[in-house]
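Dear colleague,

Please find the structure below.

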Amino acid sequence: MKKFLIAFIFIFGFTFLFAQPKPQINRQYTWPKPTANDMVFYFLSADKKPRELFVLINKEYVPLRTETGYGLGRNYTLPKSSNIVFFSHKLKDGEDVFTREIAVDTNGLIDFALGLFEVEGKLHYKLLDMSLEAIPVGATSVINMQPIPIGVKTLSNAGRLGLYEKITQVSDRQDESKYGHGHIEVYSLQNPRKPGLLWPGDFRYIRAERMMLFVFGVKIKTSPYADESDGQLVPMADKGPR
């Protein structure tokens with residue numbers, strides 16, 4: 001009787017385990033508005049390769065598509081977590097097969113941009129902290145969103161920026177005027193011996209906001225004010241990431 005009972009439990013458990021429905025793709029998923037318990041991120045291809053990956057939400061695979069153009073695209077909301085696991089998808093013999101592609105360590109960030117790129121066929125990532133702590137209100141920040149290094153010069157700082165690196169300049173908090181005036185020069189370092197000017201210099205900003213200049217490309221203009229490369233440098237102003 002005891003052996004029969006053990007065999008029955010084993011067979012029942014085995015059948016129950018394999019009878020469970022497999023997670024399905026949900027392409028109609030509605031991304032929620034973020035709460036204090038969520039993290040919000042932009043999902044980009046730093047190497048401009050289009051990608052569709054999936055995250056597992058409530059036992060469903062939900063797709064995310066990387067932004068490949070000159071812009072941040074839409075943002076995505078997930079519960080706060082120390083990591084995000086992304087899966088790739090393919091059909092095999094008519095069935096959905098999901099493969100763990102990359103696990104991203106969020107490093108405690110809750111407002112960020114996530115950029116993917118390949119090195120020797122292997123997927124890598126970079127994170128950009130977009131929180132108010134990293135880029136406060138009243139600050140001006142230049143952010144390199146592509147792999148070619150750039151040079152940045154402000155009134156008080158200068159440096160070389162790699163992929164997803166930034167230079168941030170905070171305005172004088174004692175100045176109570178509505179508008180501030182700044183000076184930023186951005187150069188392509190694709191040819192380090194002959195830097196090419198991408199952004200001409202002076203600008204005006206609202207002190208109650210933060211101003212960010214995203215560099216998505218390094219095509220050199222024939223003159224500082226020519227429009228043949230417009231769109232590769234994207235200015236954005238806001239009062240915070242949410």
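T66 lies in the loop that joins β4 (60–65) to β5 (75–79); strands here are DSSP runs of E with at least two residues, numbered from the N terminus. The model is predicted, so local features need pLDDT of at least 70 and side-chain atom pairs pLDDT 80 or more, while totals for chains, interfaces and linings use all residues. Residues are numbered from 1 along each chain as its sequence is written, and side-chain values use heavy atoms, without hydrogens or water.

With a relative accessible area of 9%, T66 is buried (under 20%; exposed is over 50%, partly exposed in between; 1.4 Å probe, protein chains only). Its side chain makes a polar contact with the side chain of S45 at 2.9 Å (a pair of N or O atoms within 3.5 Å, one able to donate a hydrogen and the other to accept it; residues adjacent in sequence count only if both atoms are side-chain atoms). The T66 side chain also reaches the backbone nitrogen of R51 at 3.0 Å.

The open sheet has four strands in the order β5-β2-β8-β9, with mixed pairing. Its edge strands, β5 and β9 (122–129), each pair on one side only.

R204, in strand β16 (residues 202–206), is exposed, at 53% relative accessible area. R204 and G180 are 24 residues apart in sequence, yet their C-alpha atoms lie 5.7 Å apart.

With kind regards

Note on methods. Pairing = 2+ DSSP bridges.
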